[in-house]
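Look over the sequence and the structure before reading the points.

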Amino acid sequence: MPSRTRTTLNLAASLAAASLVLTACGGGDTPKAASGAGTALKGASFTVGSKDFSEQIILGRMTVEMLEANGAHVTDKTNIKGSASTRKALESGDISMYWEYTGTGWITYLHKTKPIADQRQQFEKVAAQDLKKNNIAWIDPPAPLNNTYAFAIRKDKAEKLGVKTLSDLAKVSKNKRNEATFCIESEFSTRDDGFPGLVKAYGIKAPKSNVKMLDTGLIYTETSKGSTCNFGEVFATDGRIPANKLVVLQDDKHFFPVYQPALTLKQEMLKKYPALEEIFAPLAEKLTTTEMQKLNALADVEGEDPKDIAHDWLVDNGFLK
């Protein structure tokens, strides 16, 4: 993952002063934040949204609990189907906030065709332009995780073929064409930031007979088996990558856009409640790609409830007790 420069935030005093209380999900004893009972958002009301996959729902539930812990009344509208519907809900005021990805903001909402390789620069450009054009604020810093497209291969096969990067894959596709077999989604097969663009950028040789289109879940299992394909299109934070003993190839030419999540909301709301930045900055900074893979695996591999996953993570990381 490309390195990024973070803005140093002096949050210790603010967080120590703000004591937190959490309304328990589903009743029972009321868990409390490590610093006590909080009033930073007392009297405020928010509606939290998310998209409809595990990572987003987990992030949304973390947001619900942290807002409640700071005294706010929260309506949970997580699990909205699709990016377009979730963004529209934010713009219309149906939801107050949700976590969006920099790559999605840059390409889908700002209609830019060329991604910026440096993560920090990409975030700053997205945040500045979305604020200027749409009055949408992105809380800084974003999470360091990068849920971008990637290609994965079984660890033992990667060692056998000597592949660590997508440039290595391109060499295999030219010298050992029968080993360069691919499992991809149908949408990925037509996107400019998907397979057509990747093949062109890296000079990968991929005859149609070497490419199989599968549903997302099947890609992970079939790549793990190695009979249908050696190289599978994946999402970098998916917990099924380690669960299936796969390794991700480095995008050494930075072809794929950066997809860092940050909490997005209307600028007027952030101005009204500036404490939101202090509340969510330390949470975001702990969400690395490896950490998110673990959380996603609990949902997608182990079958745990995203609500429970979010709550337990907040407790384990000292945000709640």
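**Sheet and pocket**

An open sheet of 5 strands has mixed pairing and the order β7-β6-β8-β5-β9. Its edge strands, β7 (211-213) and β9 (246-248), each pair on one side only. The model is predicted: local features need pLDDT of at least 70, side-chain atom pairs count only at pLDDT 80 or more, and totals for chains, interfaces and linings use all residues. Residues are numbered from 1 along each chain as its sequence is written, and side-chain values use heavy atoms, leaving out hydrogens and water.

**Strands**
- Strands (E, at least two residues) and helices (H or I, at least four) are DSSP runs, numbered from the N terminus.
- Two strands pair if DSSP finds at least two bridges between them.
- Strands β6 (residues 182-184) and β8 (residues 231-235) run parallel and are joined by 2 bridges.
- F182 stands opposite F231 in β8.

**Helix on the sheet**
- Helix α9 (residues 216-225) lies across β5 (149-154), β6, β8 and β9, with contact meaning heavy atoms within 4.5 Å.

**Largest pocket**
- A pocket is an open set of points on a 1 Å grid over the protein atoms alone, where a 1.4 Å probe fits, with protein on both sides within 12 Å along at least five of seven lines; lining residues have an atom within 4 Å of a point.
- Of the 28 residues that line the largest pocket, F53, S83, N147, Y149 and F235 are the closest to its centre.
- Helix α4 gives the largest share of this lining, 4 residues.

Methods
Axes fitted to C-alpha atoms, helices over the stretch in contact; angles between N-to-C directions.
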